[in-house]
Amino acid sequence: PTRSTTLMSPQPSVLLTTITTTTTTLLLFTSLLIIISFSTTVSSSSSNFYNIVHYGAIANETFDNAPVFKKVIKLCESDRGTLPESHVDKRHASNKASVSHPRTHGSHTHEISPAAFCTIYVPEGTFMTSPFNLTSHMSLKLHEKAIIFGSSDISKYPLIPALPSFGRGREIDNQWRYSALISGFHVKNVRIEGMGTIDGNGMVWWKLRIEKKLEYTRGRLVEFLWSEDITISHVTMKNSPFWTLHPVYSKNILIEFVHITNPVISPNTDGIDPNSCENVVIRHNVISAGDDNISIKSGWDDAGMLFNMPSRNISIYQNTLFVGDGIAIGSEMSGGVENVHIHDNVYSATVNAVRLKTGYGRGGYIRNVVWENESLDGVATGVFFNMHYGTSHETKNETLIPKLRDITLQNLHGVCVSAGDFVCLPGVGNCELRLMKDISFSSVHPWRCENVVVHEVDNVHPKMCESSLRR
């Protein structure tokens with residue numbers, strides 16, 4: 001199996017401030033604010049700007065441009081350490097990237113010379129490619145009429161190890177999976193930007209999946225592992241083979257103004273899935289998907305609990321979600337999920353809006369989560385907590401029960417078929433909401449409640465199940 005190292009991006013200045021509000025009735029994480037500002041990028045006349053057509057790229061759907069991408073990325077790595085002082089733009093030499101971490105309230109600062117940062121530019125045209133890996137301190141920038149088009153030859157997709165927090169391929173029970181089309185391993189300061197399109201050519205993969213002809217789990221469209229300071233902005237991503245945008249074991253991630261579109265018939269083509277990540281902002285995106293529009297994950301069953309890397313400090317806001325299953329936590333959440341603020345999103349014709357899914361054998365926890373100021377239009381189920389979701393891939397261990405607590409739902413409104421279902425596991429403390437307040441759904445079906453406890457209810461319509469109220 002082939003692997004790759006390093007990734008790219010400019011130097012963001014990131015200020016992370018976590019605001020935790022404590023009152024006598026509400027003790028949970030209520031706001032995560034991440035403000036990211038970017039310094040001016042190096043102009044295209046700089047020696048570390050690479051237009052791929054100048055290095056042999058051909059715009060058609062038959063020529064494999066992966067060797068060209070790999071060549072210019074290698075040049076980017078080489079130039080980063082060898083550019084003479086005269087190539088450094090003195091105007092930007094003092095730019096710094098500063099990161100403040102909410103858990104420690106400390107910060108560290110590092111400097112990156114503009115000469116050490118490179119831009120790989122994809123001009124107008126359709127450039128077919130097999131997989132390639134990014135490097136640190138770079139931008140992959142797409143012209144608005146540029147298309148990076150995934151090869152349909154699956155033999156060109158290298159096999160890489162299954163995620164250690166999953167312990168196996170997500171779809172096929174073995175230790176390997178196909179590589180993403182675009183990957184970054186152990187990279188820092190990377191951007192994928194521009195108004196162009198990354199098209200995964202997923203129809204080939206969907207057909208093989210539906211016909212059960214795959215030997216290994218499908219690759220993602222774009223995936224970062226063990227990486228930090230990643231920005232993805234303004235690009236369109238479509239026709240993903242599997243999950244579309246998948247940061248794993250990574251931190252300090254900004255995903256904004258991205259348009260993701262996968263057909264409703266495409267199997268498990270989630271939009272954005274942060275997996276065992278921290279300090280993540282997902283905002284101003286438009287997403288249609290064949291499964292969850294956005295899903296927060298953190299490992300799968302025993303492997304996830306053993307790996308023990310939670311997803312935490314995540315803010316998701318002002319996104320527009322069309323076809324798909326809404327914003328979910330789970331079902332792979334065995335490493336834990338905490339400190340999540342989801343607000344001011346619009347759900348239009350999604351299957352669900354608020355979705356938590358887990359089950360016996362998962363273990364782990366979901367805690368300190370706020371959903372607020374959400375607007376629903378033509379949604380099937382407004383709120384769906386499903387603790388009977390799926391089964392463990394090994395013998396179901398009924399002692400490994402996930403814990404859901406300190407969850408707030410407030411100011412949710414709109415039109416849905418069913419107000420919501422709380423299908424929780426029995427037992428004290430397994431499924432507890434701190435607060436449900438100012439919820440107004442025009443729905444045909446009322447709430448359905450099973451083993452859920454709500455500590456405070458205020459102004460909820462339809463009326464919340466009496467059996468769930470903590471006396």
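How many helices and strands are there in the chain? There are three helices and 36 strands, where helices (H or I, at least four residues) and strands (E, at least two) are DSSP runs numbered from the N terminus.

## About the model

This is a predicted model, so local features need pLDDT of at least 70 and side-chain atom pairs count only at pLDDT 80 or more, while totals for chains, interfaces and linings use all residues. Residues are numbered from 1 along each chain as its sequence is written, and side-chain values use heavy atoms, leaving out hydrogens and water.

## Inside the chain

Of the chain's 471 residues, 60% count as buried. Buried means under 20% relative accessible area, exposed means over 50%, and partly exposed is in between (1.4 Å probe, protein chains only). Cys-277 is buried at 1% relative accessibility, and Cys-416 is buried at 4%.

## Three disulfides

A search of the whole structure turns up three disulfides, each being a pair of cysteine sulfur atoms within 2.5 Å. Let's start with Cys-76 and Cys-118, whose sulfurs sit 1.7 Å apart. Cys-76 is in helix H1 and Cys-118 in strand S6, so this pair ties together parts that are 42 residues apart in sequence. The S-S torsion of Cys-76 and Cys-118 is about -85 degrees, so their disulfide is left-handed.

Next, Cys-424 bonds to Cys-431 (S to S 2.2 Å), and both are buried. Last up, Cys-449 joins Cys-465 (S to S 2.0 Å). The torsion about the S-S bond of Cys-449 and Cys-465 is about 75 degrees, so that disulfide is right-handed. Cys-449 is partly exposed at 22%, whereas Cys-465 is buried at 15%.
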